[in-house]
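Here are my notes from a pass through this one. Have a look at the structure first, then read on.

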Amino acid sequence: MKGDLTMYYIQYIVARFFIFLLLLLPEKLRFKFGDFLGNLTYKLIKSRRMTALMNLKMAFPEKNNEEIEKIARKSFRIMIKAFLCSLWFDKYLKNPKNIKIINQESIEEAYKKGRGVMAATMHMGNMEASTVCAGEHKIITVAKKQRNPYINDYITRLRGKANYMEVIEKNEKTSRVLISKIKEKKVYALFSDHRDKGAIVNFFGKEAKAPSGAISMALKFNLPFLLVYNTFNDDNTITVYVSDEIELKKTGSFKEDVQNNVQYLINIMEDVIRKHPEQWMWFHDRWNSFREYKHSLKNKK
């Protein structure tokens with residue numbers, strides 16, 4: 001355990017030194033470095049590259065290899081730049097030139113209902129930057145704990161600079177903590193496009209697991225429900241999209257309603273991804289494609 005902490009601390013010191021050097025650069029050069037690092041990551045991390053290519057070929061069988069690779073490379077660059085941008089989010093988000101919000105009035109109208117708002121979010125674009133659409137309203141969201149405790153504390157401090165946002169660490173108590181905060185009637189923003197327990201859905205024609213937390217809470221507490229996502233533009237600005245309020249279907253059976261509405265949400269998200277394929281995080285093993293590939297190789301031996 002002590003050895004692990006020592007290694008984690010060394011990793012943290014190296015990371016902080018890298019961050020220090022990065023932040024000495026003008027913002028344009030930081031993003032250029034992000035493009036370089038994204039291309040390098042695509043080349044060097046074979047498992048992630050193969051995962052992205054497998055996922056894309058499954059999702060877009062009509063596209064040729066050149067088109068698939070072009071989307072994958074850009075996705076890597078966007079995801080790396082989004083990660084790097086989080087290191088100076090407080091300044092980036094305060095610059096109005098960096099942000100364009102489409103249909104922000106939708107979230108305002110939903111908030112006026114006085115019950116709070118549930119916003120499903122996606123792993124695309126400059127992901128966490130979508131929070132700006134809430135305006136002056138407070139946001140409650142959930143984030144995964146990093147394995148390295150020193151880096152986890154550093155990221156928590158960075159997020160803490162955004163005083164409009166409260167971040168709950170994901171663990172076995174997350175659902176109870178979220179439910180306890182419903183009475184605060186805030187904007188609840190939950191990622192809803194990743195592989196997680198909840199519901200079994202059809203996503204790009206293949207069976208997949210999908211989180212049901214956002215849908216379940218919206219149904220249980222009668223919260224106005226929206227989809228929020230953004231695209232990371234070529235000039236390193238973002239365009240945030242807020243959907244009109246999504247009317248969830250209710251039949252009287254809570255279990256069936258959760259299942260049906262999660263599928264409904266996934267269908268909407270699939271349409272968004274098809275429209276902006278390079279913006280989504282394809283290197284996540286969303287359908288266990290890479291895991292199945294490795295398993296098949298073992299069986300051949």
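This is a predicted model: local features need pLDDT of at least 70, side-chain atom pairs count only at pLDDT 80 or more; totals for chains, interfaces and linings use all residues.

1. L24 has a relative accessible area of 57%, so it counts as exposed.

2. Now the cysteines. How many disulfides does a search of the whole structure find? The answer is 0. For C85, the closest cysteine sulfur belongs to C133 and lies 16 Å away, so a bond is ruled out by distance. A disulfide would need the two sulfur atoms within 2.5 Å. Seen from the other end, C133 is in no disulfide either, with the sulfur of C85 as its nearest cysteine sulfur.

3. Are these two cysteines buried or exposed? C85 is buried, at a relative accessible area of 0%. C133 has 4% relative accessibility, so it goes down as buried too.

4. Last, the second largest pocket, which holds about 220 Å³ of space. Its lining is made of 12 residues, and those closest to the centre are L23, L87, W88, D90 and K91. As for elements, α2, α5 (89-94) and α7 (149-160) each give two or more residues to that lining.

Key: Residues are numbered from 1 along each chain as its sequence is written. Side-chain values use heavy atoms; hydrogens and water are left out. Buried means under 20% relative accessible area, exposed over 50%, partly exposed in between (1.4 Å probe, protein chains only). On a 1 Å grid over the protein atoms alone, a cavity is a set of points where a 1.4 Å probe fits but cannot get out, and a pocket is an open set with protein on both sides within 12 Å along at least five of seven lines; lining residues have an atom within 4 Å of a point. Grid points are joined across faces, edges and corners, and a volume is the space filled by probe spheres set on the points. Helices (H or I, at least four residues) and strands (E, at least two) are DSSP runs, numbered from the N terminus.
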